[in-house]
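User: I would like to go through the labels used for this model. For each one, tell me what backs it up.

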Amino acid sequence: MKKLAIIGMPMDLGQARRGVDMGPSAIRYAGVNERLKRLFDEVHDKGDIAVGRPEVEVDPVSNLRNLHLIAEKTEMLAKEVNQAIEEGAFPLVFGGDHSIAIGTIAGVAKHYENLGVIWYDAHGDLNTAETSPTGNIHGMPLAVSLGMGHPLLTNVGGYAPKIKPENIVIIGARSLDEGERELIKKIGIKVYTMHEIDRLGMTKVMEETIEYLKEKTDGVHLSLDLDGLDPHDAPGVGTPVIGGISYRESHLAMEMLAEAGLITSAEFVEVNPILDDKNKTATVAVALMGSLFGEKLL
Ligand SMILES: NC(=[NH2+])NCCC[C@H](N)C(=O)O
Ligand SMILES: [Mn+2]
Ligand SMILES: [Mn+2]
């Protein structure tokens with residue numbers, strides 16, 4: 001019995017460009033339910049977490065934009081994700097900016113001894129208030145999940161840390177801040193930058209990633225930031241970086257993950273329909289979900 005639970009997280013508080021809260025609507029408009037219904041016995045669309053339209057705040061003390069709101073709303077998401085897993089469903093979350101991963105991972109990680117994470121992204125999202133050039137929490141969720149950052153964020157779900165550095169693979173990196181680079185070296189996170197993707201090809205990158213995670217994890221979460229793709233293929237994102245992963249390479253990556261049967265939860269984030277070109281980015285996201293869940297042409 002293959003069950004899927006879809007959860008929308010319409011939150012744009014992790015950065016300053018409004019509109020990414022409409023990501024879940026854009027992804028549903030692109031036909032995600034119809035498409036995934038063919039690949040599961042049951043699809044439950046649980047609707048959206050009630051984020052509302054809160055007034056944004058910049059905490060003058062902590063250098064963190066919307067700290068309290070994000071802690072509160074990601075806690076709600078964590079509960080919903082946890083419940084989906086308890087019901088025996090695969091949790092699939094639609095963002096929202098990448099700060100939502102704080103909640104998704106909080107809901108997932110307590111079900112695993114060694115949760116693996118594939119962070120498919122142009123960025124490392126490994127900042128803390130001390131290293132962040134922007135104060136935007138969407139640049140911090142991977143650090144937060146490692147137990148680094150403000151306690152209001154690291155303690156979402158009531159425990160920390162959620163994951164270990166050796167169980168993470170970042171794919172598609174091409175924009176890292178100084179503090180992120182230092183942290184990657186210090187704690188030893190495996191990173192495939194665009195250099196390695198160009199040099200080895202996506203096939204080898206995914207073979208190595210799967211081999212690396214298969215050994216030591218008992219579940220793997222895919223956190224896919226649409227800005228991991230090249231802005232030509234995914235223009236509707238708030239922090240685009242040229243020179244990214246292509247649509248084709250991304251399909252291949254998702255197909256190889258489907259074949260490996262490795263992924264146990266997923267989120268697709270940073271789709272901003274306001275910045276998009278006729279819902280192209282949401283449409284790409286849905287196509288990639290098709291491949292991730294085993295869609296084949298023949
Ligand atoms: N999820 C993202 N799109 N993150 C972009 C982060 C950009 C930059 N590193 C920052 O900390 O602000
Ligand atoms: Mn990114
Ligand atoms: Mn990101």
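User: What makes up the shell around ligand 1 by class?

Analyst: This is a predicted model. The shell around ligand 1 has 1 nonpolar, 9 polar and 5 charged residues.

User: How many residues surround ligand 1, and which are the closest?

Analyst: 15 residues surround ligand 1. The closest are His98, His123, Thr134, His138 and Gly139.

User: Why is Ala253 called buried?

Analyst: The cut-off is 20 or more other C-beta atoms within 10 Å. Ala253 has 27, so it is buried.

User: Where is Ala253 found, and what does it touch?

Analyst: Ala253 is part of helix H10, residues 247–260. Leaving out residues up to four places away in sequence, Ala253 touches Met202 and Met206.

User: How far apart are Ala253 and Asn279 in sequence and in space?

Analyst: They are separated by 26 residues in sequence and by 22 Å in space, C-alpha to C-alpha.

User: How do you know that the chain agrees with a compact globule?

Analyst: For 298 residues, a compact globule would have a radius of gyration near 19 Å. The chain has 17 Å, so the value agrees. Its C-alpha trace spans about 55 × 40 × 40 Å along the principal axes.

User: What share of the chain is buried, and how many helices and strands are there?

Analyst: Buried residues make up 53% of the 298 residues. The chain has 11 helices and 10 strands.

Technical notes: Residues numbered from 1 in each chain as written. Chains lettered and ligands numbered in written order. Predicted model: local features only at pLDDT ≥ 70, side-chain atom pairs only at ≥ 80, totals over all residues. Near = placed C-beta within 6 Å. Nonpolar A, V, L, I, M, F, W, Y, C, P; charged D, E, K, R; others polar. Helix = DSSP H or I, 4+ residues; strand = E, 2+ residues; numbered from the N terminus. Buried ≥ 20, exposed ≤ 12 C-beta atoms within 10 Å, placed from the backbone. Contact = placed C-beta atoms within 7 Å. Rg over C-alpha atoms; globule rule 2.2 N^0.38 Å.
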